[in-house]
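Welcome! Please open the sequence and the 3D view, and work through a few exercises with me.

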Number of protein chains: 2
Amino acid sequence: MDILLKNLRPLGQETCDMEVRAGRIARIGKDLAAPDLPVEDCGGALALPGLVEAHTHLDKSLWGMGWREHQAGPSLRDKIDNERKLRKEWNIDPYRQSMRQALLSLGHGSTAIRSHVDIDTDCGLAGIEGVARTREELAGQIDIEIVAFPQSGLMSRPGTLELMERALQGPADVVGGLDPCGIDADPKGQLDAVFALAEKYGKPIDIHLHEPGELGAFSMEMILDRTRAHGMQGRVTISHAFCLGMPDRDRARALVAELAEAQVHIATVATPSRPVPLAEDLRAAGVVLCAGSDGIRDTWGPYGNADMLERAMLLGLRNNLRADRDVEHAFWCCSGAGARVMGLAGHGITEGCTADLVLVEAETVTHAVVSHPPRRLVLKAGRIVARDGKAVQEAP
Amino acid sequence: MDILLKNLRPLGQETCDMEVRAGRIARIGKDLAAPDLPVEDCGGALALPGLVEAHTHLDKSLWGMGWREHQAGPSLRDKIDNERKLRKEWNIDPYRQSMRQALLSLGHGSTAIRSHVDIDTDCGLAGIEGVARTREELAGQIDIEIVAFPQSGLMSRPGTLELMERALQGPADVVGGLDPCGIDADPKGQLDAVFALAEKYGKPIDIHLHEPGELGAFSMEMILDRTRAHGMQGRVTISHAFCLGMPDRDRARALVAELAEAQVHIATVATPSRPVPLAEDLRAAGVVLCAGSDGIRDTWGPYGNADMLERAMLLGLRNNLRADRDVEHAFWCCSGAGARVMGLAGHGITEGCTADLVLVEAETVTHAVVSHPPRRLVLKAGRIVARDGKAVQEAP
């Protein structure tokens, strides 16, 4: 937790040294000496604050299980049902798979993860327990936040609400939800239940909202109403929010203004094939936009590698960001914004911040985003947790 | 040009050996012996046919010139004018930069490149000459096709047409054009000139068409008319073709049917921020869709790395391709389709094909696309031209 880092360039500034004590950045300066500390020469690498994977599914990845052909049909419901079936047939063990994915993330410089974890009447709390075990084993290496996520429906599958309660009494940190119209066909029922759980257990909320156009706008307005009514400002995130990419830009901007006023955050994957919330509109309104990989090589699709610098590139490409300052904002969406949404204090790369650091061979932040080179070194609170693109700890 | 490759898996099939003679795949089989040949053990790697970079700008990249902040304004015209200005100020040397980019491409497994090269009344033929010199120096390592490209306008900049003629009398292989309405504001004038040049010099055509919606459809119909009138079926490519991504899918599909009938090819970058031609529609109609990186880290934007496996991933993401067979088609767009458009005979990975080969650590073609790992080995007509992600030849 104590280390002297020599020859690094925080965010591309001039080469300097950094003294880390008790997991925090104690001093940044030229030619620092600290004879009591171990020394790591960073060779002039660019130093970035830890990346934050703010939307993924640690319990679902097939990473390391050998290549399996994609089998799901085209609809959202096809993918959900296919996954429930294959989870058993293929023995997708939530502990083993979340360990693999979390260590993959660590190798790419993510020092914090918000993971949605399935809860349903088939698997019960097995997913939550598996990811909680991973969190425990990786404590001190990566922060993992668990969203209790009723993937197969909350109102439409009786028994799920009780499982959600048990998860929140246990290891779950955040109340999840999804498509209150599209999946549950009971927006009032689902959203009342989600906000009631959040109030009862004092937890934040993160709701998947794939619903497009006016349907999504309708659900979003119901979420906004409840955010205000429950005094949950700053504690609610809407993931995907495809409806904000609707063609009627005026309507979308009016929704964005409401999100800003209610301090509701947005999490995006920057999906190239779907309408998405525009980074520029959200930024102009002051809405926090964090980002994630979503599922990584799972039964939903073959893509994903847990690299949040590559995700920043995708976010930049999706939003046509070209100026360096705009690409730097895409980087922030993949680091500081996620930390803000997860409530991680001390995220940053100035004196006093937690020493969650990523070192890469790049000239500037934008250069790091567009080239997303292997991570030379990753530190979590001053501890070296990955080198040359690989976590120090072996995956199971 | 003669080599025995041991332990490779063509397109993910069973492990086998491959005997290469005179630059061609002479035999594929188990436990081949050829005592007269040098042997390369491929360690069970996946073998792919050479990737094809079918739309890029070799003369423009800033690769290796140190990081430079993006300066261009938002419009197409801003970018064109900014580039003409910086080309001189920054000394963007077409020979040096095309060498750098071509070797970068080679390191990522592209064995053929179609490059548009600027011609205008400022730079004259300097770009064409620089890229032609690169082509000559890299002969036998990579195929480079040069499109004479009037980036700043053909009709609107008197003198450009004469330069185009000189380029086509010299090293240029293809007649280029762009946005006959949007840039030249003279669609009849530009397209008549382009087709006349093609006829006079017996060359194929590749026209950038950024024009969206009905404007692009109007220009596309003029291109289709001239393709039929000049008997140019199979020899015309339209690059970008954003108009095919228009919201009116029926109108777009009618255009696609016309493209199929006239055997006009489409080149795409799979731009995530723009409407694009849909891979599925083109495939269903039988239109060849090839792909490219477009500009790589140039004055137009900071993105790009010349990795056509990553481009296949972007094409898959942009088109929401998830099934393995669909991702394999995205791979074909980035290899075989480009070879078809460039008229490269013998592209493939069966006996008798040219031994343009890429070896990667992956289980299947789809796995290679989604993980786009460093290329272990690249061969051009049986000659090893890159290892471990880097061209054998040093860049200037």
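The exercises below concern a predicted model, and they go from the contact between chains to single residues.

**Exercise 1. The interface**

Task: Work out how many residues of chain B are in contact with chain A, and what kinds of residues they are.

Solution: 
- Start with the count: 33 residues of chain B are in contact with 32 residues of chain A.
- Next, look at the area. The two chains, B and A, bury about 3,000 Å² between them, and 60% of that is on carbon and sulfur atoms.
- On the side of chain B, the residues that lose the most area to chain A are B:Trp67, B:Tyr303 and B:Arg322; together they make up 27% of what that side buries.
- Then find the elements. Helices α9 (308-318), α10 (324-333) and α12 (365-371) of chain B each give two or more residues to the side that touches chain A. The largest share, six residues, comes from α9(B).
- Finally, sort the residues on this side of chain B by kind: twelve are nonpolar, twelve polar and nine charged.

**Exercise 2. Polar pairs across the interface**

Task: Find how many salt bridges and how many residue pairs in polar contact there are between chain B and chain A.

Solution: 
- For salt bridges, the count between chain B and chain A is zero.
- For polar contacts, 16 residue pairs are found across the interface of chain B and chain A, with both residues at pLDDT 80 or more.

**Exercise 3. Salt bridges in the whole structure**

Task: Count the salt bridges over all chains, then see where the partners of three of them lie.

Solution: 
- A search of the whole structure gives 70 salt bridges over all chains.
- Take the side chains of A:Glu89 and A:Lys85, which meet in a salt bridge at 3.9 Å, N to O. Both residues lie in helix α1 (residues 76-89) of chain A, four residues apart, about one turn of the helix. A:Glu89 is exposed, at 52% relative accessible area, while A:Lys85 is partly exposed, at 42%.
- Now move to B:Arg228 and B:Glu261, whose side chains form a salt bridge at 3.3 Å, N to O. This pair links distant parts of the chain, 33 residues apart: B:Arg228 is in helix α6 (residues 213-229) of chain B and B:Glu261 in helix α7 (residues 249-261) of chain B. B:Arg228 is partly exposed, with 29% relative accessibility, and B:Glu261 is partly exposed, with 49%.
- B:Arg249 sits in helix α7 of chain B and B:Asp281 in helix α8 (residues 279-285) of chain B, 32 residues apart. B:Arg249 is partly exposed at 22%, whereas B:Asp281 is buried at 11%.
- Last, look for a network: A:Arg77, A:Asp81, A:Arg84, A:Lys88, A:Asp122 and A:Arg157 are joined into one by salt bridges that share partners.

**Exercise 4. Cysteines**

Task: Decide how many disulfides the whole structure has, and why B:Cys334 counts as buried.

Solution: 
- The search over all chains finds zero disulfides.
- Check an example in chain A: the cysteine sulfur nearest to that of A:Cys333 belongs to A:Cys334 and is 6.4 Å away. A disulfide needs two cysteine sulfur atoms within 2.5 Å, so A:Cys333 is in no disulfide.
- Check chain B as well: B:Cys334 is in no disulfide, and its nearest cysteine sulfur, that of B:Cys333, is 6.4 Å away.
- Buried means under 20% relative accessible area. B:Cys334 has 0%, so B:Cys334 is buried.

Key:
Residues numbered from 1 in each chain as written. Chains lettered and ligands numbered in written order. Heavy atoms only, no water. Contact = heavy atoms within 4.5 Å. Buried area = accessible area lost by both parts, 1.4 Å probe. Salt bridge = Lys/Arg side-chain N within 4 Å of Asp/Glu carboxyl O. Polar contact = N/O pair within 3.5 Å; in protein donor to acceptor, adjacent residues only side chain to side chain. Nonpolar A, V, L, I, M, F, W, Y, C, P; charged D, E, K, R; others polar. Buried < 20%, exposed > 50% of the residue type's maximum accessible area, 1.4 Å probe, protein only.
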